[in-house]
Structures are given as C-alpha cells and as structure tokens.
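Me: I have a new structure open and would like to go through it piece by piece. Can you take my questions as they come?

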Amino acid sequence: MTYSPTSAGSPNIEVGPAWQRPDSELLAEFRRHSVANIGDALGRLGMPDGGITPIWDGCRAVGCALTVLTVAGDDLAVIDAVAHIEPGDFLVINGFGYPGRAVMGDILAQYFSSRGAVGAIVDGAVRDRDEIRQQGFPVWSRTVTPAGPWKNGPGALGTPVAIGGVVITPGDIIAADSDGIVAVPLGKARDIAADLARIVESEQAMRSQAKQAPTK
C-alpha cells in the first residue's frame, strides 16, 4: 500500500466526534515552561512513564493532542490521521508499546510536518531515526526498529488513548522535551498556566539559595 491519506479515510478506522482545540495564546503560554514544571503544576500527574523518550537530542514541542489508536505494528490509522491534522496538532499514537514493527518513519514524519503538526509521540516503535532528525521533526517513542508495519487496521482517531499509563483526550495540551512528556487536560489548562508562574518563581528562589550556600 502506498501513502495516500484522504479525507474519506479507511472503512475500518473509527473517527471520534469533533473536539475542541486550545487557542494559540494558551499554547504559547505552555511553550514558555519545561515539562518538569508543568508536571509539578499538575500535582506531578499526567506524565507518561519514562520509557517513551525523544529519538534525537533537543526534541521539544507543545501542541494539541490528535490521538491515534492503532493495532500493534500496524500504521493504517496513522496514515489516515494525516488528513485530520490541523496546524499545531501533536500526534499521540497508542501502538500498545509493541517493539517489533515501526508504525511511523521519515515519510509519515514529512507528511505530519507538511500539514503543520508540531511533533509525534509513539507508544511503540518508529524507524528512520537519522532521517527524522535531519528533518528536525520532534518524535518521542518507546523504541526504534528497522522493521516496517502492516497496513490492515483497525484503529481509531480522535478518541481517548492511553500511552505510558496516562489517558490522553483529543484536544489536551501536550508538552514534551528532553525529560519526557506531560498531558494537560484542556479544561484545566488555564488554571495550570496561572499556577506555573508561582512554581517558576519558587524554583528561581531555590536556585538563588543554592548558589549562595556556603561551601566546605
């Protein structure tokens, strides 16, 4: 099967109801902060396990969750997701943590980027690490393998998914950097953004105290 994402989609890929996306100003506020600080503001919840890591150094992105549920080792739903991308979307792909076959590579990364996606998270495997790094497209995954995927489905787009022990709903704000990933429920996002200023101020005070601490 060649890559030919269309608005019609595949018959065995479910598409959830329309979801609300965060506005650009709210996303910009979260871009100012680290994943660690955002996680602290969430009560240190909402962070998938540390087994999902950036595939190249310096990955950082903040965007709106476009969720994908796919059969382990199968990328049909991932291909269909291309037609649903809006600028600022962050692909969140539940591949069931399967390490045996990659559900995205450099060609899909190029499709994602061309449509305006800011990054992709795969609870599963990806391939073409070097090519994706050269593109500069941010990707986090559980592992890397050269083995390509099946393309049979079924799958779903725009429905809640779980990655790394955290349930993510379409429209949630996703922030990811070298430390890992955090998902902020859209309904809590403005309160969390407001609390981040207090957390940053507190950390700055602690860093100042640490610099002034006497040495032995």
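Me: What should I know before reading any numbers?

Reply: This is a predicted model, where local features need pLDDT of at least 70, side-chain atom pairs count only at pLDDT 80 or more, and totals for chains, interfaces and linings use all residues. Residues are numbered from 1 along each chain as its sequence is written, and side-chain values use heavy atoms, with hydrogens and water left out.

Me: How many helices and strands does the protein chain have?

Reply: The protein chain has six helices and 11 strands. These are DSSP runs numbered from the N terminus, with helices being H or I of at least four residues and strands being E of at least two.

Me: And how compact is the protein chain?

Reply: Its radius of gyration is 18 Å, close to the 17 Å from the globule rule for 216 residues, so the chain is as compact as a globular protein of that length. The radius is taken over C-alpha atoms, and the rule is 2.2 Å times the number of residues to the power 0.38.

Me: What share of the protein chain is buried?

Reply: Buried residues are 48% of the 216. Buried means under 20% relative accessible area, exposed over 50%, and partly exposed in between, with a 1.4 Å probe and protein chains only.

Me: Switching to helix H6, which of its residues are buried?

Reply: They are Ala 189, Ile 192, Ala 193, Leu 196, Ile 199 and Glu 203.

Me: What covers them?

Reply: The cover includes helix H1 (24-31), helix H2 (35-41), strand E10 (173-176) and strand E11 (181-184).

Me: Now the UniProt record. Which residues does it list for "binding site"?

Reply: The unreviewed UniProt entry lists Gly 105, Asp 106, Ile 107, Leu 108 and Arg 127. They are spread over 23 residues of sequence yet cluster in space, with a largest C-alpha distance of 10.5 Å. UniProt positions are in the numbering used here, feature names are shortened, and annotations may be inferred rather than shown by experiment.

Me: Where is Gly 105, and is it buried or exposed?

Reply: Gly 105 is in the loop between strand E4 (89-94) and helix H4 (106-114). It counts as buried because its relative accessibility is 7%.

Me: What does Gly 105 contact?

Reply: Leaving aside neighbours within four places in sequence, Gly 105 is in contact with Arg 127, Asp 128 and Ile 132. Contact means heavy atoms within 4.5 Å.

Me: And where does Asp 106 lie?

Reply: Asp 106 lies in helix H4. At 21% relative accessibility, Asp 106 counts as partly exposed.
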